[in-house]
Amino acid sequence: MPPLRTLSAEMIRTPHFPEPALARIKRDAAVGIRQARANPEKLADSRLGANVFAGHPYGRQPDERQIKALTRQDLKDFHADRFSPADA
């Protein structure tokens with residue numbers, strides 16, 4: 001297998017979710033949420049999506065509290081539940 005495919009396969013099968021990267025992504029997401037709340041157009045888009053897609057994941061927007069509570073183990077559990085070689 002070519003090196004890039006080997007590396008990609010390893011990253012998909014056994015992701016590491018390094019804590020420094022997770023902290024940076026969570027911080028960036030929180031900033032994005034605050035900026036969206038301050039922008040009337042983004043706020044209207046969010047409310048519209050919540051109504052159009054009520055009861056569907058597209059209709060849910062995470063808030064800062066949810067982002068802050070997200071852990072590395074949550075990501076690992078989600079990955080283990082959703083990704084497997086059998087699904088490829």
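Me: Which residues make the nonpolar surface patch?

Reply: First, the general idea. A patch is made of residues with over 30% relative accessible area and no salt bridge; like charges are joined within 9 Å, and nonpolar side chains (Val, Leu, Ile, Met, Phe, Trp, Tyr) within 5 Å. Accessible areas come from the Shrake-Rupley method with a 1.4 Å probe, and for residues only the protein chains shown count as cover. Here, Leu48, Val52, Phe53 and Tyr58 make a nonpolar patch of about 440 Å². This is a predicted model: local features need pLDDT of at least 70, side-chain atom pairs count only at pLDDT 80 or more, and totals for chains, interfaces and linings use all residues. Residues are numbered from 1 along each chain as its sequence is written, and side-chain values use heavy atoms, with hydrogens and water left out.

Me: Where is phenylalanine 53 found?

Reply: Helices (H or I, at least four residues) and strands (E, at least two) are DSSP runs, numbered from the N terminus. Phenylalanine 53 lies in the loop between α3 (40-52) and α4. Its relative accessibility is 36%.

Me: How many salt bridges does the structure hold?

Reply: Look for a side-chain nitrogen of Lys or Arg within 4 Å of a carboxyl oxygen of Asp or Glu. The structure holds four such salt bridges. In one of them, glutamate 64 pairs with arginine 34, and the closest N and O atoms are 2.6 Å apart. This pair links distant parts of the chain: glutamate 64 is in helix α4 (residues 64-69) and arginine 34 in helix α2 (residues 19-37), 30 residues apart. Glutamate 64 is partly exposed at 23%. Arginine 34 is partly exposed too, at 40%.

Me: Which side chain meets arginine 65 in a salt bridge?

Reply: That is aspartate 63, at 3.5 Å from N to O. Arginine 65 is exposed, at 61%. Aspartate 63 is partly exposed, at 29%.

Me: Is lysine 26 buried or exposed?

Reply: Lysine 26 is buried, yet has no salt bridge. For charges, Lys and Arg count as positive and Asp and Glu as negative; His and the chain ends are not counted. The nearest side chain of opposite charge is glutamate 19, 5.6 Å away. Lysine 26 sits in helix α2.

Me: What does lysine 26 touch?

Reply: Contact means heavy atoms within 4.5 Å. Leaving out residues up to four places away in sequence, lysine 26 touches Ile67, Lys68 and Leu70.

Definitions and conventions. Buried means under 20% relative accessible area, exposed over 50%, partly exposed in between (1.4 Å probe, protein chains only).
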